[in-house]
Amino acid sequence: MSLKALDYETLNENVKNCQYAVRGELYLRASELQKEGKKIIFTNVGNPHALGQKPLTFPRQVVALCQAPFLLDNPNVGMIFPADAIARAKHYLSLTSGGLGAYSDSRGLPGVRKEVAEFIQRRDGYPSDPELIFLTDGASKGVMQILNCIIRNQKDGVILVPVPQYPLYSATISLLGGTLVPYYLEETDNWGLDVNNLRQSVAQARSQGITVRAMVIINPGNPTGQCLSEANLREILKFCCDERLVLLGDEVYQQNIYQDERPFISSKKVLMDMGAPLSKEVQLISFHTVSKGYWGECGQRGGYFEMTNIPPRTVEEIYKVASIALSPNVSAQIFMGLMVSPPKPGDISYDQFVRESKGILESLRRRARIMTDGFNSCKNVVCNFTEGAMYSFPQIKLPPKAIQAAKQAGKVPDVFYCLKLLEATGISTVPGSGFGQKEGVFHLRTTILPAEEEMPEIMESFKKFNDEFMSQYGDNFGYSRM
Ligand code: DCS
């Protein structure tokens, strides 16, 4: 019998080759266990509301009114909604052509893009042009749109991606038939980035006939949690200029900073600070989202990207391709508008907004500390402090006996460890191999998102599991060291 187009055997090979570990084997096993009635702590995905984070009140009030505009005609509306939320809902509705049920421009509502540009200008101290900002369904869609423009073929469309990295990049590059050129972050240097490694990676790729076209940075890092310093960002921009690479600056965690030494600084600001000729030459696309920060509105699917030094004809082409999907979610665009222009001092909702957002950020900061300390209290685990983002990425030093047992079970050693952890404790993590790691070292990634009051118990249960694992597989000297 001849095969049909959607039979597995004939599927696009790029689809079959693409891997996305955040929802991979561990996640599937966790879902099965959950169906069997086991309590699972889903720390595999940075999905704050799924772990109990409450939505911020003000944005939900505004979007509720936009979704149900007839409430605005109800004489009692002022008894349920504060006046600033009512005013804001009317403002956003006036920016649409027919409310939330109508498609918007494929780049997003012009009024919201203007608010995003004003936010960037306030943040960086440099002008930002709404015409160079596109709103997207989450940052993911924006990243995919841009990679699609860059990757032309396997030899040619090639991206320097940090390893460990968030698998959106590796998965999309394989889906589009490009080649990933990795550069390694230095774990012992707090996941820092050494420009000499970058040069080596480019030279090696070139020697294989590959044209390197773009570089990705994730700042703050996922899964590694580091915040890039200004000096590091300058080196990277200089490198991109020398090598004629477009820089994709994934800055979705810019609100998630848990230390004071290295505040977030955007790639755009550093580029502009460097002045001409760089500031006029380096091509940069920066991404942001409503899914992270203290918003955590992952399910709303709102994001944007800003283009710097991209020629108008390219912007036109990106617009044309975006228009195939007609329009990003309109309610998500309003969330984005609200995120970039939250209540101001003096507004009725200001105090409550600040109380809620500060509460979330301060708790995340404490949780980052509890997790790192918990991991580091195990002899065979080392973990850099989560400076930013939402993850802990401890290195687990696995003894030879465990590696052997994993081989026998047909599993990668860190997958083996994470599966055992899941079965024993219900903690669902992602093995380090899903993000890439150096040969012979093993990690896992967990989010720092479980409720603060549950955190000590979770770390206890991790420690107990790890001790038992090590007494089963460790050598006679206790813990093995690699
Ligand atoms: N970029 C990075 C670095 C991310 O971590 C994520 C999501 C995204 C982009 C895309 O987010 P949105 O499409 O929702 O805007 N992080 C995933 C993760 O590692 N866990 O949860 C989701």
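The model is predicted, so local features need pLDDT of at least 70 and side-chain atom pairs count only at pLDDT 80 or more, while totals for chains, interfaces and linings use all residues. Residues are numbered from 1 along each chain as its sequence is written, and side-chain values use heavy atoms, with hydrogens and water left out.

Side chains of opposite charge can pair when their charged atoms come close. A salt bridge is defined as a side-chain nitrogen of Lys or Arg within 4 Å of a carboxyl oxygen of Asp or Glu. The structure contains 21 salt bridges. In one of them, Arg206 pairs with Glu243 at an N to O distance of 3.0 Å. Because Glu243 is in helix H10 (residues 230–243) and Arg206 in helix H9 (residues 195–207), this pair ties together parts that are 37 residues apart in sequence. Helices are DSSP runs of H or I with at least four residues, numbered from the N terminus. Glu243 counts as buried, at 17% relative accessibility.

Salt bridges with shared partners join Arg29, Glu32 and Glu423 into one network. Arg29 belongs to helix H2 (residues 25–35) and Glu423 to helix H17 (residues 413–425); the two residues are 394 residues apart, and their pair links distant parts of the chain. Both ends are partly exposed, Arg29 at 22% relative accessibility and Glu423 at 37%.

A further salt bridge joins Lys16 to Glu13, with 3.4 Å between the closest N and O atoms. Both residues lie in helix H1, three residues apart, which is about one turn of the helix. Glu13 has a relative accessible area of 44% and is therefore partly exposed.

Helix H1 (residues 13–17) also holds Val15, which is partly exposed at 43% relative accessibility. Val15, Met144 and Leu175 make a nonpolar surface patch of about 210 Å². Patches are made of residues with over 30% relative accessible area and no salt bridge, like charges being joined within 9 Å and nonpolar side chains (Val, Leu, Ile, Met, Phe, Trp, Tyr) within 5 Å. Accessible areas come from the Shrake-Rupley method with a 1.4 Å probe.

A surface patch of negative charge is formed by Glu453, Glu454, Glu457 and Glu460. Glu457 is located in helix H18 (residues 455–473) and is exposed, at 61% relative accessibility.

In helix H11 (residues 267–274), the buried residues include Ser267, Lys268, Val270, Leu271 and Met272. Gly275 follows H11 and has a positive phi, near 70°.

The structure has zero disulfides, a disulfide being a pair of cysteine sulfur atoms within 2.5 Å. For Cys227, the closest cysteine sulfur is that of Cys383, at 14 Å, too far for a bond. Cys240 is likewise in no disulfide, the nearest cysteine sulfur being that of Cys241, 8.7 Å away. Cys227 is buried at 5% relative accessibility, and Cys240 is buried at 1%.

Definitions and conventions
Lys, Arg positive; Asp, Glu negative; His and termini not counted. Charge placed at Lys NZ, Arg CZ, Asp CG, Glu CD. Buried < 20%, exposed > 50% of the residue type's maximum accessible area, 1.4 Å probe, protein only.
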